[in-house]
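Please keep the sequence and the coordinates at hand while reading.

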Amino acid sequence: MKIWRDVWSVLTTEIEFQAVMEGSVDAFTQVLALAGTLTEQKDATAIAPLVGQLGSLLDVLNSPLMQVAGAAVPFVPVATGLLKFILETTKEEPTLEQQIALVGQAAYLQTVVAFLEEHADLKAQLTEPASEATQRNIKRLGENLELKDARAVLLCFHRSELAGQFNPILQARFEESGLESERAALVVERIARSVHRSLKEAVAEVQDEAKDLAAIYGQGWQRDLEAYRSIDDYLKTYIQSLPQETVFDEAFTFQDIYVPSDVQPVKDCEVQKREPRQNIEAWAKDRLLDEQKAGQVLFVQGGPGRGKSVFCRMFADWVRRELHPIFTPIVIRLRDGIDLKRNFDEALASAVGWDFVKSDNGWLTDANTRYLFLLDGFDELFLEQGSKGSVQELLDQVSRFQEQAARNPERGHRLLITGRPLALYGIERQMPTNLDWVSIALMEDSAQEQWFRQWSQVTDQPTAAAFQTFLQDSGCPEQVQVLAQEPLLLYLLGKMHRDGALDVAMFSAGDVNVAKVEVYTAAVDWVLTRQRPERVTTKLADLGREALRAVLAEAGLCVVQSGNERALISMIEKRLVDREDTEAAALIEAAQSNNDKNPLKNALAAFYLKSGETENSVEFFHKSFGEFLCAERLADSFMEWTERRRAGYAIKPSEFKERVYDLLGYGHLSGEILEYFMVLLQRKLENDQWVILFERLNEFYLQWSDGRFIEAIDEKRFFPLEKAQQMQAYDIDLGQRQVDIYTGLNLLKILLAIHRHGQANDDLNATINFHPCGDPEQADNETAFKKTRLLQVIHYSDSIQAFTFSTQLHRHLRNADLRNANLSNTDLSNANLSNTDLRNANLSNANLSNANLSNADLSSPRQIFVSALGDVREAYWNTNLSYADLRNADLRNADLSNANLSEVKWNSSTQWANVVGLETAQNIPGDLRQHLQGR
């Protein structure tokens, strides 16, 4: 069916007119003349020659596309005008195929013009007319245009046969004008996926005249147009603005200093550091556009300050500029929460919250719209507070969502998710299999060079050169140079150096955590001394620096305890007033006397904090600042607990217990905070203070593990309840049992860290020796040492949520003293037990799969059990040691009866002397079996 000729035939059947004009006139000039004629006179004798001069509306593609776009040819009005004219002239509605073919051409060309107008750089390249071969193809298309499924054109144009006929011609025109084939294909697809909007607008204009056409859309076209406008608003007001946000309080933006990171693949939970690096943007673009990877989740891990969130904002805007609507970018900060108790589609809808979601329940099944969801910060979920789900839940749902999207062409969405790798601890072996998993690497020299070039543009060239010289100087500590390979810390170092707050003398230690603490300490000092005079009111500026630092530390603690990177101002104010720090309390009074509506909020705005999305709340510009300040707050309090008075401690026992619950009774003391905290304590405490602190904390732990505080019905104070009520007053959903468990687990992490510090210090290793079950030197005294104490702690912890203990503690068990502990039937999979003392520990039926047991001591005398009948039998481990790391481990005298030794790691230093039960051990690797037989 030659549809365009049929339209011409309808126009000329009963009308006498002169022969078609001789000569060749540019098609877009013809269309302009046709538009004018339709508007002014609607005379068939004038219209028919113009129509007859055209093979189809697509003839305009023969002209230079820059000229066509610049002339603003009104394609849709021409098509709708012709349909109306045919109806008025013949009193008959054209066939559905004729209507769709005509409107489809017009909508397609209108979309081309609109796209080129929005991309002036591309339009400027399109100066060439069509080649003779392309002109012939366009002519043949006009003569032979057919539609087998007209409805499909309206319902999903980019998948229709019409798109299949139009797209190759447009791509050929782009390539003839010099565009590379790959870019030309992307542009054509973007245009094809935008045509449905122009079609709906065209149908909206002729819905009264072309009822068959309008009936296909029903009443939904208006709602769809509103949804598309909402998407436009979202992209313009949110996504487009992300790169343009200023960096902290600087005058420049993220765009000004952003340098894309490199990534390396992760396989079997290990970063493949020998694999070639790849630019993170190139990696993401390649995966996103590869249809063969449609079922894979783009999974990016990286430590704090590696640039995960900045990448999300920059890449989302690139997708907006270069791919939309092939993909429409949606950024969801997981710190803001996502309700995993819902269906994941509903969880996404709730997290997005814009009108294009609220007004359309089928927004995820619209074949015309495909989203790229960038889920930033999986480590920032309310992991330990129950109501918001866990990383494991999130990854399971993300995995299923992506698999379903790959199978369903109506969805086709993609997911990119980022977060810190520590949040994956304990679940590595349960990770979904459809992750395209990479890790952000440290900056290489070339990336730093690019950063310095951009830094010189936002500061000045001599300043940037001086900073670069400082980092390259032989006197600059190696650890500082390592820190400068992380984007956030490189910026902070550059900022401080620019303002004279950075010198080599600051960095006397070689430990990376010590160096980080030096940088953050200097950064906070810099903020307090350099920014404060300009940014705070006079009365606040009169307060001492330590008072202001106490305010920041309290804000850091509140933000961390709130769990979602922001804290209510009222929570910070209340805690400051309740503290005995008179200067900090004076700050509140001074601020309030200034008659400011939000005095503390405005004061905090000077110190790398900003207004939170929740009303009257604040959040740190970067998560690491809050974590460091929280560590400072903890370290200051712990130091106070070591102070003595004549009658005993300065902090009395009852107040001490209250403060332990107050500081530690929240979801998760992260590894980063713990590392900063230990460095700060090492700066503050003398050896005798370490001993005092250990003794007080150990006594509290033993009482807690006996249930003393959760069952304190005769006590005047009920600390778990008081802390839970405090948290709930600020919308932090924690019950007293959760508070009690989290307090004990966070304290256990600290005691294990203090134990490691004590054992590494010759002056402390005799006095600081922590055992989770009590005093191991009194193993026969059940009052002093309870073999099942740690086992009880594990089961109690898991009572609020399965695997709570393993998620929180498994990575902290290295170098621990677990002698004589009863850990039978315990899940220790993925635990870091390196250098751990497990002598005489009961590990029967324990699951040690994937555990790191390197340098661990599992040796023990052979255990004999006598039954009631007098039988003598050996204890059976039945232990799952699959994938366990046994390098340098001491297994002398261990009973491995029925143990699963599949894929264990071992070396020549692993001690196997007098190991029994190997005849019943399962899945012994061949090389290990050969080694054992040759002993």
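This is a predicted model: local features need pLDDT of at least 70, side-chain atom pairs count only at pLDDT 80 or more; totals for chains, interfaces and linings use all residues.

Most residues other than glycine have a negative phi, and most peptide bonds are trans. With a relative accessibility of 24%, Cys269 counts as partly exposed.

Other backbone features deserve attention. Asn830, a residue other than glycine, has a positive phi near 70°. Asn830 is found in the loop between α38 (804-809) and β14 (864-866), and its relative accessible area of 8% makes it buried. A cis peptide bond runs from His324 to Pro325, with omega near 5°. Pro325 belongs to the loop between α17 (308-322) and β5 (328-333).

Among the helices, α34 (residues 687-705) has 19 residues and reaches 27 Å from its first C-alpha to its last, close to the 27 Å expected at 1.5 Å a residue. This helix is mostly covered, as 14 of its 19 residues are buried. Just after α34, Gly707 takes a positive phi of about 80°.

The discussion now turns to the interior. In soluble globular proteins, nonpolar side chains tend to be buried together. The largest nonpolar core of this model has 148 residues, of which Trp451, Phe467, Phe638, Phe677, Leu697 and Leu853 touch the most other members. Helix α36 (residues 736-759) gives the most to this core, with 11 residues. A second, separate core of 67 residues includes Val78, Ile100, Val113 and Tyr217.

Which residues is Phe467 in contact with, leaving aside its neighbours within four places in sequence? The contacts of Phe467 are Trp451, Phe452, Trp455, Leu490, Leu493, Gly494, His497 and Leu502. Phe467 itself is buried, at 0% relative accessibility.

The aromatic side chains may be considered next. A pair of aromatic rings is described by the distance of the centres and the angle of the planes. The structure holds 38 aromatic pairs. One of them, formed by Tyr234 and Phe356, is edge-to-face, at 5.8 Å centre to centre and 65° between the planes. Because Tyr234 lies in helix α14 (residues 220-239) and Phe356 in helix α19 (residues 355-358), the pair ties together parts that are 122 residues apart in sequence. Both Tyr234 and Phe356 are buried.

The pair of Phe467 and Phe470 has ring centres 6.5 Å apart and planes at 20°, and is therefore stacked. These two residues are three residues apart in helix α22 (residues 461-472), so Phe467 and Phe470 are separated by about one helical turn. An α-helix has 3.6 residues a turn, so residues three or four places apart point the same way. Phe470 also counts as buried, at 11% relative accessibility.

How many disulfides does a search of the whole structure find? The search finds zero. For a disulfide, the two sulfur atoms must lie within 2.5 Å. The sulfur of Cys630 is 9.3 Å from the closest cysteine sulfur, that of Cys558, and is therefore too far away for a bond. Cys630 is buried, its relative accessible area being 0%.

Definitions and conventions:
Residues are numbered from 1 along each chain as its sequence is written. Side-chain values use heavy atoms; hydrogens and water are left out. Helices (H or I, at least four residues) and strands (E, at least two) are DSSP runs, numbered from the N terminus. Buried means under 20% relative accessible area, exposed over 50%, partly exposed in between (1.4 Å probe, protein chains only). The expected span of a helix is 1.5 Å times one less than its number of residues. A nonpolar core is a set of buried Ala, Val, Leu, Ile, Met, Phe, Trp, Tyr and Cys residues joined through side-chain atoms within 4.5 Å. Contact means heavy atoms within 4.5 Å. Rings of Phe, Tyr and Trp (its six-membered ring) pair if their centres lie within 6.5 Å; planes under 30 degrees apart count as stacked, over 60 as edge-to-face and the rest as tilted.
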